[in-house]
Amino acid sequence: MKVTLIPGCNPGPYTGAGNNTYLLSGRKPALIDAATGEPGHLAALDAALAGAALSRVLVTHGHVDHAAGAPGLAARRPETAFFKAPWPECDGEYRVEWRPLTDGDVVDAGNGALRVLHTPGHAPDHVCFLDEEDGVLFCGDLLIQGGTVVVPGSYGGDLAAYLASLARVRELRPARVLPAHGPEIDDVAALVDEYVAHRRRRDDEILAALRQGHATQAAIVKVVYPDLVPELHGAAKESVLAHLRKLEAEGAVRRHDAVWEAL
Ligand SMILES: [Zn+2]
């Protein structure tokens, strides 16, 4: 399958150098992720299509940097169909007619097909797309080479689900993994193992902070992320909440309104 990286041209604190979108060329040209509608993205997409019609846009999840470009693409390309897994609280923000994806679906893309893998955790609607013939996994925001993935506890994130999604993708042993941010993943099993170890350490740090009397999300963030730039404080708070919820489900902590207690 011919895959062309089309940069989203939307750099920022949450997107790094900007999003990666991928064009699969062939009979049914398909774009994986819509990015945000930056002129540079639209121009690069036009150039890569070289006059071909864009058959479909497959969105990995409803976060702004992956889906917000959809209405602009739809306005320019009435022939294009838009697909994503449903997230009812969020899907209405983007005024396109979404065709629903569910786990196990097989969608034509380029000259082949992609299998849909529901991989929630970073977002409830998150999916990866697997080209089973070539062993290429388009992993969206599940994995980032050289960084970790935010699990936003108050906005659809679920750490236990995220860890289960990581385990599922590790089992697949894909030959190539192309993410929505950063470079190609060079060793998916090693990266997943690193992520799992990182999350275990974070659980331990949060439990230790609670035992030292740092009992609110904000207090825990100060202890666990001492050198954080202010722009990323919100994300750190979300991540701490995701850990606390998982620890609560495991019976390791208890919540009283905004105050948490280790058991
Ligand atoms: Zn995301």
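This is a guided tour of the structure above, one selection at a time.

Before you click, note that this is a predicted model, where local features need pLDDT of at least 70, side-chain atom pairs count only at pLDDT 80 or more, and totals for chains, interfaces and linings use all residues. Residues are numbered from 1 along each chain as its sequence is written, and side-chain values use heavy atoms, with hydrogens and water left out.

**Stop 1: the six-stranded sheet**

Helices (H or I, at least four residues) and strands (E, at least two) are DSSP runs, numbered from the N terminus. Two strands pair if DSSP finds at least two bridges between them. Here six strands make an open sheet, ordered β1-β2-β3-β4-β5-β6, with mixed pairing. Select 2-7 for β1 and 98-100 for β6: these are the edge strands, and each pairs on one side only. From one strand to the next, the twist averages 25°.

**Stop 2: strand β5 and its partners**

Select 81-84, which is β5; three bridges join this strand to β6, and the two run parallel. Look for two of the pairs: F83 has R99 as its bridge partner in β6, and K84 has P100. Then look towards β4, which runs parallel to β5 and is joined to it by three bridges. There, L58 stands opposite F83.

Show the side chains of β5. Which way do they point? A81 and F83 point one way, and F82 and K84 the other way. In a regular strand the side chains alternate between the two faces of the sheet. All four of these residues are buried (under 20% relative accessible area; exposed is over 50%, and partly exposed lies in between, using a 1.4 Å probe and protein chains only).

**Stop 3: D33**

Jump to D33, in the loop between β3 and α1. What is the nearest side chain of opposite charge to D33? That is K84, 9.2 Å away. Lys and Arg count as positive and Asp and Glu as negative, while His and the chain ends are not counted.

Zoom in on the polar contacts of D33. A polar contact is a pair of N or O atoms within 3.5 Å; within protein, one must be able to donate a hydrogen and the other to accept it, and residues adjacent in sequence count only if both atoms are side-chain atoms. The D33 side chain reaches the backbone nitrogen of T60 at 2.8 Å, and makes a polar contact with the side chain of H66 at 2.7 Å. Setting aside neighbours within four places in sequence, the residues in contact with D33 include T21, V57 and A180.

**Stop 4: two loop residues**

Select A50, in the loop between α1 and β4 (56-58). A50 has a positive phi of about 50° although it is not a glycine. Its relative accessibility is 66%, so A50 counts as exposed.

Then try D257, between β12 (253-256) and β13 (259-262). D257 is not a glycine either, and its phi is positive, about 50°. D257 is exposed, with a relative accessible area of 71%.

**Stop 5: the five-stranded sheet**

Next, find the open sheet of five strands, in the order β7-β8-β9-β10-β11, again with mixed pairing. β7 (106-109) and β11 (176-179) stand at the edges with a single partner strand each, so one side of each has no neighbour in the sheet. Select 112-118 and 127-131 to see β8 and β9 pair in the antiparallel sense over four bridges; R115 stands opposite L130 in β9. Helix α5 (159-172) lies across β8, β9 and β10 (136-140), at about 145° to β8.

End at C139 in β10. Is C139 buried or exposed? At 0% relative accessibility, C139 counts as buried. Leaving aside neighbours within four places in sequence, C139 is in contact with H126, C128, V177, L178 and P179.

Terms used. Axes are lines fitted to C-alpha atoms, for helices over the stretch in contact, and angles run from 0 to 180 degrees between N-to-C directions. A salt bridge is a side-chain nitrogen of Lys or Arg within 4 Å of a carboxyl oxygen of Asp or Glu. Contact means heavy atoms within 4.5 Å.
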